[in-house]
Structures are given as structure tokens and as C-alpha cells.
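Biologist: Please take me through the charged pairs and then the strand pairing. I would like the general idea before each case.

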Amino acid sequence: MFSWIGDLEVFDPILSGTETRVLESLGCSILSVNEQGRRQALKPTLFFMPHCEAELYDNLLQANWRSDMLNRIILFGNSFETYEQYGSVFKNSNVVNLRKHILAVRRFTKEFGIKTVSDDYFQAFHDLSWHFFSIEPEMQLNIV
Ligand SMILES: C[S@@+](CC[C@H](N)C(=O)[O-])C[C@H]1O[C@@H](n2cnc3c(N)ncnc32)[C@H](O)[C@@H]1O
């Protein structure tokens, strides 16, 4: 029952033909190009990206690295707070560079972690959070 949501676009490079047809029959559009997460939020958009590689979140943030676009995004994915904690472990390494937008957006992020109350849901939802961004329009975002 997706019709109340609005446009629903899906991409995963491993989607099979059957999965694609099922998703289309449910009203989803399947993106034909692998954007590596670089989709711009031209309208309020929920990105449902559980347990993706950090690089995909970073690419998404980079593609929307303006206050008006970041403010339109709700992101459900791996905890940015946890990435920040790992950031201090990986200091001076290339890993930090691949996560620089995640780390830079943290100060503008409201994060709500998911509590997995049952083992039935643990595998699907552990360490995931809702992320909301709130950036003043005049704010200069430093990195590109
Ligand atoms: C670790 S799995 C997580 C799968 C599932 N969401 C979960 O929580 O079990 C990461 C997923 O990201 C997908 N992925 C990899 N590159 C992607 C891309 N460029 N765009 C969208 N999804 C991608 C992978 O195919 C895989 O399904």
C-alpha cells in the first residue's frame, strides 16, 4: 500500500528480474542507472538505505551539499554517530576521507536510533537510525 507515499524509486544493483517485476507491480519505479547514491533531493525525500556501505551515504550527502537540499532529506541507514566514533579510530587514513561528508554533517544532524526489541528484527534493523538534517540557509558548508 505505497500510493499515499508519492513516487517510489528503487535501486540495488543485485535486483533480479523477478524482484524488479514484483516491485513494479507494487507501483515502484526501478532506476536504470547506478548513481552510486548520488541522487539529489529536489523535493522532500526519504532515503531508505539500511546497512549500506558508508561511501553510499557520503555520495548522497555530497550530491546534496547545500542547506536547502540537505534539509529535504530524511535518511534511514547506518548510525552516523557510530561512524563518528570509528572516525577517531581511523584518523589520518583514507577511510576518513571517504566519510568526510558524514562526519561534517554530524553537527547538523538529529539522529534517532532504532531499538531492536525482538531477536526477530535484530538482523534487519540493528545499528540503524533515522537522520534529520537542519541547516540554516545562510550556513556555509565547508567541504565539497
Ligand atoms: C550490506 S547489504 C544490506 C542489505 C539489506 N538492506 C540489509 O540490511 O540486510 C548492502 C546493499 O547495498 C546494495 N548496494 C551496493 N551498491 C549499491 C548502489 N550503488 N546503489 C544502491 N544499492 C547498492 C548491495 O547490493 C546490498 O544489497
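Biologist: How many salt bridges does the structure hold?

Modeller: Side chains of opposite charge can pair when their charged atoms come close. Here a salt bridge is a side-chain nitrogen of Lys or Arg within 4 Å of a carboxyl oxygen of Asp or Glu. The structure holds seven of them. This is a predicted model, in which local features need pLDDT of at least 70 and side-chain atom pairs count only at pLDDT 80 or more, while totals for chains, interfaces and linings use all residues. Residues are numbered from 1 along each chain as its sequence is written, and side-chain values use heavy atoms, with hydrogens and water left out.

Biologist: Which residue forms a salt bridge with Glu111, and are the two buried or exposed?

Modeller: Burial is read from relative accessible area: buried is under 20%, exposed is over 50%, and partly exposed lies in between (1.4 Å probe, protein chains only). The partner of Glu111 is Arg106, with 3.5 Å between the closest N and O atoms. Both Arg106 and Glu111 are buried.

Biologist: What is the N to O distance between Arg72 and Asp68?

Modeller: The closest N and O atoms of that salt bridge are 3.9 Å apart. Arg72 has 26% relative accessibility and counts as partly exposed; Asp68, at 31%, is also partly exposed.

Biologist: Now the sheet. In what order do the four strands lie?

Modeller: Strands (E, at least two residues) and helices (H or I, at least four) are DSSP runs, numbered from the N terminus. Two strands pair if DSSP finds at least two bridges between them. The order is E3-E4-E6-E5, in an open sheet with mixed pairing. Strand E3 (45–49) and strand E5 (109–113) are the edges, each pairing on one side only.

Biologist: How many bridges join E4 to E6?

Modeller: Five bridges join strand E4 (residues 73–78) to strand E6 (residues 128–133), and the two run antiparallel. Among the residues involved, Leu75 has His131 in E6 as its bridge partner.

Biologist: Where is Glu19 placed?

Modeller: Glu19 is in helix H1 (residues 17–25). At 40% relative accessibility, Glu19 is partly exposed.
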